[in-house]
Amino acid sequence: MNVIVRRSANPRPRGRPSRYLLAAIIAGVVVVVMVANSVLDYAFLDTIPGRTSLYGLMAVALVALATFVGVRAFDRDPAQRSRHLIRAGVLLGFAALLWLLVSDAFLFASAAGPVVAAVCAAACIPTTAFGLFVVRRIDRNEKEPWRLVLVSAAWGAIVATSLVIWGESFWEAIAVRTLVPGPGLDATRAFSAGLLEELGKGTAVLLLFLVMRNEFDDVVDGIVYGAAVGLGFNFMETLTYMTNVYAIFSPEGAGAASAGFQWYGRQVLGLFMGHATYTAFVGAGIGIARQLPSRRQKVIAIVTGFVVAIAAHFSWDAWLTFFPIETSVLGLIEVHLRTIVMTGPFTAGVVALLALGLRNESVALTEQLRREAEAGGGAVLPEELEILTKPWRRFRERLRALDRRGVGGYVRLARLQAAQLDLAMERWHRERQEIDEPLEAEDELRGRIRTLRQQAAF
Amino acid sequence: MVAIAQRDPVVTLYRTLLVYGLFGLIILTAGLVEFLHFEPFGVTTGAHAHIAGVYLYDPATKETTGPDRSTFTRSELFAAVVNWSDVPDNITVQAIWYDAFGNIVGQAGPAKPGDLKDHRVVPAEKPTGLKYHLPGQYIFAVERLQGDQPVEVLARRLVEVERT
């Protein structure tokens, strides 16, 4: 029986590609920067964020370890995979819990209290989950694994926010002591937020691109991972702002209203038009680089993605005050208009790249499926072409399987369709010479499809 | 038969991204220009002001009490005391309080230092409609103005208003 280790774009390389070394270097730099920042923060600032930085290191170390174990899970044989994934999940869970406890204990617990923090977190979980669901669904041809989408969001929420706290604390400490207060200082704060936050978030997408190339096919995947990182970051930032404003305004009797306003602004109005949009640009740049032939073009695409993300983020932070919000009923309209006017064009830009990417992907997959059917190997049948090339038709077929053979039938057909699309994606990458080595896995995948077809009884 | 070379659709994506990148660079350049406008290089005069300290403030008497402090609770009223006599009289200055959100919450000037001798005490006001100061780091700055625009900080104090 054939065992498929790889089911996506690339075969298992015989030696580690150089990108793994680059990923290890980037990860090492991130860890060193975080440790150095936290120690310096604690030593020189001696503020509450400084203490949070130091004690939060344990959580960050757990996330790093969980990521490492999680990535190993994709490189080991299927028998060991679930064990690695469970370990990674447990470590991530501990890290998230520890980080929340540290944040809560040192930043807000004494003022907002753990109950308020828990309520705020509970309010943000459904909206963020909805955002992740939508973002994953938009990749209609080949959905990314939940594992990687959730790891992206966790990195955005925990690692990126940690990097930002330390970096921005330093930037702020220097800026308020040297610059003239007012618009100039505000502009540097906006540069700080745009630069540090997008670098912190974008590093996660870059590491995914370098380590998980098999699940990083094109611009669509880049946008999905980038937006997921942004949603994770937005979750933690919303939690921080909600508890913060609650603590500030509760003595005035307006704590809940202030926290509720933050929730609406960040988890409803700004769920997609905010961090998700900014980091989606980073992902788009990396996704486009994935399919470019020359190294020079790849570097330019990645840098350009970062530049657009930083600029979009900067423009919001720096020029927000140009759109003041009145305290009357008119203010409710102005809040929405401000987000649409300031972030809407960037979100539209991401949607345009996404639409182009989806169209390219659909055209390519249709062509590859047609060629596979013509080759007559049995992996794709001519009568399946119409179904496989249309997401809605695929779904209807799965519903028919559900009706005739129950949940098991639905799942088996879904696996078969996913494997057929993986094969088409693999053919596409091979044709474009976007793979590390020639594909032995392609034949294994065909064998796997034949097995799945028998299981699905089609 | 004439073969027509098809353009790689990824190139279209790449070029679209480059156009976005150009807009991004324009935005960042505008931000840099904004920063340089409000933080111009080479305009320092070498003048310095002396902030005697930041003290508890009694609005009834308009006097300060107690020792110089750098932290206050939200309910405490506080004010900075400036020695205007140390500042050259040929420049326009203002003393100004910014709260942790960047709002101006207290001000003396703009005027010539000689005209501010009756404004040595500059209190930080609570925001309108609120019972307490907002928590966080407050900046008190004595600034030199060029036209209407502050261009140089002659003295600065940072004060922490505690959350509780």
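**Notes on the predicted model**

1. The domain assignment divides chain A into domain 1, residues 18-345, and domain 2, residues 364-456. On the side of domain 1 of chain A that touches domain 2 of chain A there are no nonpolar residues, the classes there being 2 polar and 3 charged. The contact itself involves 5 residues of domain 1 of chain A and 7 residues of domain 2 of chain A. All of this should be read with the caution that the model is predicted.

2. As to secondary structure, chain A holds 14 helices and 0 strands, so the pattern along its sequence is a run of α elements from one end to the other. Of the 458 residues in chain A, 47% are buried. Among the contacts in chain A with a separation of 6 or more, 76% are made by residues 24 or more positions apart.

3. The two chains meet through 40 residues of chain A and 37 residues of chain B. On the chain A side, at least two residues each are supplied by helix H6 (183-211), helix H7 (219-249), helix H9 (275-290), helix H10 (295-319) and helix H11 (330-375), and the largest share, 11 residues, comes from H10(A). By class, the side of chain A that touches chain B has 25 nonpolar, 13 polar and 2 charged residues.

4. Which residues have the most contacts inside the largest nonpolar core? That core has 101 residues, and the ones in question are A:Val63, A:Leu208, A:Ile223, A:Ala228 and A:Ile288; its largest share, 18 residues, comes from H7(A). Leaving aside neighbours within four places in sequence, A:Ile288 is in contact with A:Val219 and A:Ala301 and, across the chain boundary, with B:Val10, B:Leu13, B:Tyr14 and B:Leu17. Another core, of 29 residues, lies apart from the largest one and includes B:Ala95, B:Tyr98, B:Tyr138 and B:Phe140.

5. Chain B contains an open sheet of 5 strands in the order E3-E9-E8-E5-E6, with mixed pairing. Strand E3 (71-72) and strand E6 (104-111) of chain B stand at its edges with a single partner strand each, so that one side of each is left without a neighbour in the sheet. Within this sheet, strand E8 (residues 136-146) and strand E9 (residues 149-161) of chain B pair in the antiparallel sense over 11 bridges, and B:Val142 has B:Ala155 in E9(B) as its bridge partner.

6. Strand E5 (residues 92-98) of chain B is likewise antiparallel to E6(B), the two being paired over 5 bridges, with B:Ile96 standing opposite B:Gln107 in E6(B). The hairpin of E5(B) and E6(B) has 5 residues between the strands, and in it B:Gly102 takes a positive phi near 85 degrees.

7. A further open sheet of chain B has 4 strands in the order E2-E1-E4-E7, and its pairing is antiparallel. Its edges are strand E2 (63-65) and strand E7 (121-123) of chain B; each has a single partner strand, so one side of each is left without a neighbour in the sheet. The twist from one strand to the next averages 50 degrees. Strand E1 (residues 50-58) and strand E4 (residues 78-83) of chain B run antiparallel and are joined by 6 bridges, and B:Leu56 stands opposite B:Phe78 in E4(B).

Key. Residues are numbered from 1 along each chain as its sequence is written. Chains are lettered from A and ligands numbered from 1 in the order in which they are written. This is a predicted model: local features need pLDDT of at least 70, side-chain atom pairs count only at pLDDT 80 or more; totals for chains, interfaces and linings use all residues. Two strands pair if DSSP finds at least two bridges between them. A residue is buried if 20 or more other C-beta atoms lie within 10 Å of its own, exposed if 12 or fewer, and partly exposed in between; C-beta atoms are placed from the backbone. Domain bounds come from an automatic or database domain assignment. Ala, Val, Leu, Ile, Met, Phe, Trp, Tyr, Cys and Pro count as nonpolar, Asp, Glu, Lys and Arg as charged, and the others, Gly among them, as polar. A nonpolar core is a set of buried Ala, Val, Leu, Ile, Met, Phe, Trp, Tyr and Cys residues joined through C-beta atoms within 7 Å. Axes are lines fitted to C-alpha atoms, for helices over the stretch in contact, and angles run from 0 to 180 degrees between N-to-C directions.
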